[in-house]
Amino acid sequence: MKLAIVLASGELEKVQAASIIASTAATLGEVMVFATMDGLMAFKKDVVENKAWKAGELGKGMIQANAPLFIDVLKQAKEVGNLKVYACGMVMDMLKMSLDDFVDVFDDVIGVTKFLGMVEDAKVLFI
C-alpha cells in the first residue's frame, strides 16, 4: 500500500486525524505527508509552543487533556513505520521561512511537482 496525504488544513482536529491515519498506514506500507498552506503553519514552532491552533470543541479538549498531539504521533510513526513528512517549498519561499521556523518533524522541503512525481501510484487523501 502506498498512501499520500496532502495536509492543507491547520485545524487541530484535521491535523490530528491526518497524523493518526498516516501513523496507522505507515505500519502497512509507504506513507508520505505533504504539509502545505495552513497545514504547514500548524507545525510552526511558535504555534506549537503556544498550542495556538484553530481548534473546535474536540481539539480544545485534546489540548486540555494533554493528549498526544500530531507532532508526537508523526515522530513515533516515523520510528516504527515507513513515513516521510515533507514541507511545501512554495509556501516557505513566499513567507521567507526555513525549516528552523518549524518543529523538527520534516524529512525534506519539496515542491508540488516533486511530490506529484513521488505519489503517482499512491492513493491520495486531501485533508
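**Salt bridges in a predicted model**

**View 1. K78 and D107 form a salt bridge, with their closest N and O atoms 3.1 Å apart.** A salt bridge is a side-chain nitrogen of Lys or Arg within 4 Å of a carboxyl oxygen of Asp or Glu. K78 lies in helix α5 (residues 70–80) and D107 in the loop between α6 (89–94) and β4 (108–110), so the pair ties together parts 29 residues apart in sequence. Helices (H or I, at least four residues) and strands (E, at least two) are DSSP runs, numbered from the N terminus. K78 is partly exposed at 25% relative accessibility, and D107 is partly exposed at 34%. Buried means under 20% relative accessible area, exposed over 50%, and partly exposed in between (1.4 Å probe, protein chains only).

The model is predicted: local features need pLDDT of at least 70, side-chain atom pairs count only at pLDDT 80 or more, and totals for chains, interfaces and linings use all residues. Residues are numbered from 1 along each chain as its sequence is written, and side-chain values use heavy atoms, leaving out hydrogens and water.

**View 2. A salt bridge joins the side chains of K2 and D121 (3.0 Å, N to O).** K2 belongs to strand β1 (residues 2–7) and D121 to the loop between α7 (112–118) and β5 (123–126), so the pair ties together parts 119 residues apart in sequence. D121 is exposed, with a relative accessible area of 57%.

**View 3. D38 and K54 meet through their side chains in a salt bridge (3.1 Å, N to O).** D38 sits in helix α2 (residues 37–41) and K54 in the loop between α3 (45–50) and α4 (57–64), so the pair ties together parts 16 residues apart in sequence. D38 is partly exposed at 37% relative accessible area, whereas K54 is exposed at 52%.
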